[in-house]
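Let us walk through this structure, beginning with the place where its chains meet and ending with a few individual residues.

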Protein chains: 2
Amino acid sequence: MEDKTQIQEAIKIQGEVVRKLKVEKASKEQIDEEVAKLLELKARLGGDDGKHQFVLKTAKGTRDYSPKQMAIREKVFNIIINCFKRHGAETIDTPVFELKETLTGKYGEDSKLIYDLKDQGGELLSLRYDLTVPFARYLAMHKITNIKRYHIAKVYRRDNPAMTRGRYREFYQCDFDIAGQYDAMIPDAECLKIVHEILSELDLGDFYIKVNDRRILDGMFAVCGVPDDKFRTICSTVDKLDKVPWEDVKKEMVNEKGLSEEAADQIGAYVSMQGGTDLAERLLQDHKLSQSKQACAGLSDIKLLFSYLQLFQVTDKVVFDLSLARGLDYYTGVIYEAVLTQAGVAPVTSEAQNGPMAEESVSVGSVAGGGRYDGLVGMFDPKGRKVPCVGVSIGIERIFSIMEQKAVASAQKVRTTEVQVMVASAQKNLLEERLKLVTELWNAGIKAEVMHKKNPKLLSQLQHCEESGIPLVAILGEQELKDGVVKLRVVATREEVDISRADLIGEIRRRT
Amino acid sequence: MEDKTQIQEAIKIQGEVVRKLKVEKASKEQIDEEVAKLLELKARLGGDDGKHQFVLKTAKGTRDYSPKQMAIREKVFNIIINCFKRHGAETIDTPVFELKETLTGKYGEDSKLIYDLKDQGGELLSLRYDLTVPFARYLAMHKITNIKRYHIAKVYRRDNPAMTRGRYREFYQCDFDIAGQYDAMIPDAECLKIVHEILSELDLGDFYIKVNDRRILDGMFAVCGVPDDKFRTICSTVDKLDKVPWEDVKKEMVNEKGLSEEAADQIGAYVSMQGGTDLAERLLQDHKLSQSKQACAGLSDIKLLFSYLQLFQVTDKVVFDLSLARGLDYYTGVIYEAVLTQAGVAPVTSEAQNGPMAEESVSVGSVAGGGRYDGLVGMFDPKGRKVPCVGVSIGIERIFSIMEQKAVASAQKVRTTEVQVMVASAQKNLLEERLKLVTELWNAGIKAEVMHKKNPKLLSQLQHCEESGIPLVAILGEQELKDGVVKLRVVATREEVDISRADLIGEIRRRT
């Protein structure tokens with residue numbers, strides 16, 4: 001039993017904390033967190049009075065999906081899954097948690113964001129941080145050397161809310177990957193074709209896809225005089241170029257990362273370059289870059305990639321961009337990122353409306369990203385056997401929020417059910433007849449509803465149809481029963497017509 | 001850094017533990033657990049040699065879903081979701097974890113099976129244990145007083161493997177609930193109609209649905225002289241009647257729970273009763289039971305329920321069974337459970353093949369269960385406002401395993417992709433032509449594949465079709481290109497026919 005006065009004291013102190021934060025104009029998240037603690041204390045106090053007061057909230061950084069959000073989510077998933085299936089992908093599923101050590105050493109500094117489970121005896125477990133590491137574990141464990149699979153599931157990151165402007169801690173990832181030893185750039189090109197198809201079908205406005213290659217970046221760093229051990233950290237700095245101007249990136253390289261100004265300037269010249277297969281051609285002739293075998297391999301592959309993209313008819317949207325770096329460590333070859341160009345569709349400064357991107361390096365409007373990671377599966381194989389992989393992750397949470405905004409903007413009603421007809425009655429004491437009729441409809445596969453009241457008012461039945469977007473009402477009354485008909489009402493036009501019972505199902509099918 | 005000799009010592013000790021368990025013929029699960037610990041130790045030793053050895057496994061009690069399992073899972077979900085939608089249900093989603101206190105006090109003794117997250121600073125969180133409590137939290141939090149919703153998601157239970165014969169710790173629940181103040185038994189009857197539709201469509205063999213009412217049970221306990229404070233525990237004992245004979249249940253009541261033999265015998269007489277609306281009628285006249293107001297209310301509602309079930313045309317499968325008790329505490333009215341009668345479809349003694357049931361009280365062949373819980377939402381509302389609810393949970397994991405067994409037994413190939421046509425070449429150097437053609441097909445919405453090799457052998461392309469169940473192959477060769485045709489091959493019959501390029505898409509659509 002807790003001491004009531006102790007809790008009351010704690011409430012007083014916590015109240016002070018909240019007031020102080022408000023005076024100091026602390027971040028909304030910080031204040032919310034302390035307010036939540038205050039409410040919890042108050043709830044505990046309530047518990048002493050016999051009825052426990054719950055803090056009615058979801059865990060920080062998570063949310064419920066309402067039926068309206070689910071309807072949009074389902075629509076987006078259908079488009080994406082259809083595309084994956086059109087390309088012959090299978091799907092798999094893995095548990096939401098993995099052995100802790102499966103995730104260890106895969107995410108670098110971000111490992112601190114992993115959710116661990118409490119040690120309740122038995123194995124040490126962590127919630128999955130992405131779908132790529134579980135996929136690599138899956139391949140190694142089941143000794144699968146080639147597969148084309150998609151996986152749509154939630155992942156978990158204890159992200160710092162102050163940094164993340166509305167990122168969720170629980171969010172969907174939507175991954176497509178091709179594992180297997182294939183000829184260069186063919187699977188890579190298919191991944192880009194898929195991004196192109198999905199973004200076109202989702203109709204999110206204009207977009208383009210940046211491509212680069214980790215080997216080109218590494219070669220560029222080498223010829224610009226970046227020490228080997230600084231490749232990854234300089235790469236992270238380059239990755240910021242889509243958010244901050246070159247001058248700031250250069251400052252970070254020189255002042256924070258200790259790079260010489262000359263090396264930084266050389267990198268600066270390269271990372272400003274954008275083009276197509278012609279740029280790859282030109283860089284292959286570049287007297288400095290061509291000294292790097294790695295860079296040349298990357299550049300040749302970019303050329304090959306573009307030749308396949310031409311056949312796939314997607315070069316109109318693809319740009320070879322030397323500033324693209326991407327955050328994750330495990331990429332070994334081609335990398336890419338799709339960006340929406342229509343300003344204003346996804347205001348990243350607005351909190352809580354934007355989901356997190358599927359991967360670390362999120363630029364404004366970035367909605368898909370991925371690349372080649374040939375070493376990850378080998379980290380799980382006892383003999384280190386490698387399985388080459390290339391994949392793409394669709395930034396589904398951002399897409400959800402864009403679609404939700406579009407739905408609000410269009411003022412078009414989002415239907416959350418697919419009900420075709422409501423079985424209603426105009427008079428009292430017709431519950432039995434309503435239940436009989438709705439049974440006929442259900443048994444015929446018609447999506448139908450009936451009010452769970454004995455004597456609902458006709459008006460409230462019609463109102464329900466208006467609200468839910470149900471297009472038809474089948475109205476029963478004494479007269480209709482006598483005549484063996486049903487009055488079929490079109491909700492939109494209020495037009496009514498008597499249909500014989502025998503023709504009703506056909507008529508509903510015809511009209512919906 | 002770990003001391004190598006220390007680990008070697010630990011390995012020796014752990015090796016002894018494993019050997020001892022094997023000698024003692026301990027349970028497989030116990031041995032597996034200790035072997036896992038041994039492997040982990042060995043892996044740590046390996047780590048010192050420069051390459052860390054992972055224990056390649058999923059967490060205890062969890063599993064990966066292969067593409068084949070996913071294909072079956074998708075088929076089952078489609079049938080179930082279609083039924084929910086036919087009845088006008090919306091869907092929602094909630095986070096995988098909740099505030100720990102949201103789950104506190106909802107599951108009685110089973111609370112020890114809840115997975116807690118590690119306290120990494122911030123809120124105390126637990127993985128959801130079912131979908132019902134999060135649903136009640138959702139309703140209270142968003143102040144929703146009526147909704148018809150389904151929710152399909154995974155839940156988590158640290159179940160004792162020794163007790164559970166193959167139950168998973170991560171498994172799907174598939175819930176349909178109707179919340180709202182409606183006229184008696186109408187939503188309850190719709191839940192049963194839904195169970196009937198789903199089990200019929202899934203074609204799992206014959207089944208029946210037992211119904212009872214908590215108020216009848218409580219009234220029965222009262223008139224049989226069970227003390228008030230023993231209602232719940234005697235109810236749990238009754239719940240075992242579908243697994244053990246009455247004699248054993250009686251023994252537990254008398255010897256363990258301290259009930260008088262006379263009271264037990266009176267209960268025994270009631271719980272052997274099964275029937276329909278006639279039994280409810282008869283019990284309303286029963287001189288003893290009719291003394292309980294509660295029992296009478298329950299019996300009248302059973303009669304009303306049967307009258308609605310008659311209109312829904314499902315009484316053929318529904319049995320009023322006084323022995324049905326169900327495990328969960330929160331039921332307040334009608335309860336029901338669907339049971340498969342075809343013996344052998346789901347051997348519960350076989351480990352690892354059977355998933356857990358959605359709810360506690362699992363009888364042999366039980367595949368769905370639910371009931372009315374009018375008090376749960378009120379536990380979350382600050383003012384204790386109640387929202388009456390009734391729902392059903394489909395035992396989807398058991399259904400998966402039956403479907404998987406049926407798939408194996410039928411020897412029919414389960415397709416894991418929907419690819420309609422493979423674009424192949426008979427000669428070398430036709431990669432470009434293949435990519436061009438597959439692009440045409442994709443852009444036309446045809447599900448198509450192409451091998452990611454420059455010069456794959458025709459045989460291996462055809463083999464892939466056989467293995468994946470792809471029905472058609474579009475074969476390109478020099479001659480076909482010259483003639484402006486494609487050779488369309490039917491994989492099953494090996495029949496081949498030349499189709500002009502212009503007609504190809506139409507022809508594929510016609511044939512698939």
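A salt bridge is here a side-chain nitrogen of Lys or Arg within 4 Å of a carboxyl oxygen of Asp or Glu. In this predicted model, B:Arg73 and A:Asp93 form such a pair, with their closest N and O atoms 3.0 Å apart. On the side of chain A that touches chain B, helix α15 of chain A, spanning residues 431–443, supplies the largest share, with eight residues. By residue class, that side of chain A divides into 41 nonpolar, 22 polar and 33 charged residues.

The extent of the interface can be stated both in residues and in area. In the model, 96 residues of chain A are in contact with 98 residues of chain B, and the area buried between chain A and chain B is about 8,900 Å², with carbon and sulfur atoms giving 58% of it.

How confident is the predictor in what is shown, and where does the pLDDT of chain A fall below 50? The model as a whole scores ipTM 0.84 and pTM 0.85, while chain A averages a pLDDT of 89, with 91% of the residues scoring at least 70. Over residues 47–51 of chain A, however, the pLDDT is below 50, and this stretch has eight contacts in the model beyond near neighbours in sequence. Residues 344–363 of chain A also have a pLDDT below 50, and that stretch has 75 contacts beyond near neighbours in sequence.

Leaving aside residues up to four places away in sequence, A:Ile475 touches several others, among them A:Ala424, A:Leu458, A:Val486 and A:Glu496. A:Gln461 lies 14 residues from A:Ile475 in sequence and 9.9 Å from it in space, C-alpha to C-alpha.

Chain B, in turn, holds two residues whose backbone deserves a look. B:Lys143, in the loop between α5 (132–141) and β4 (147–156) of chain B, has a positive phi near 55° although it is not glycine, and at 66% relative accessibility it counts as exposed. B:Asp203, in the loop between α7 (186–202) and β6 (207–213) of chain B, has a positive phi of about 60°, again without being a glycine, and is exposed, with a relative accessible area of 51%.

Conventions:
Residues are numbered from 1 along each chain as its sequence is written. Chains are lettered from A and ligands numbered from 1 in the order in which they are written. This is a predicted model: local features need pLDDT of at least 70, side-chain atom pairs count only at pLDDT 80 or more; totals for chains, interfaces and linings use all residues. Side-chain values use heavy atoms; hydrogens and water are left out. Contact means heavy atoms within 4.5 Å. Buried area is the accessible area (1.4 Å probe) that two parts lose on being put together, summed over both. Helices (H or I, at least four residues) and strands (E, at least two) are DSSP runs, numbered from the N terminus. Ala, Val, Leu, Ile, Met, Phe, Trp, Tyr, Cys and Pro count as nonpolar, Asp, Glu, Lys and Arg as charged, and the others, Gly among them, as polar. pLDDT is the predictor's confidence in each residue, from 0 to 100. Buried means under 20% relative accessible area, exposed over 50%, partly exposed in between (1.4 Å probe, protein chains only).
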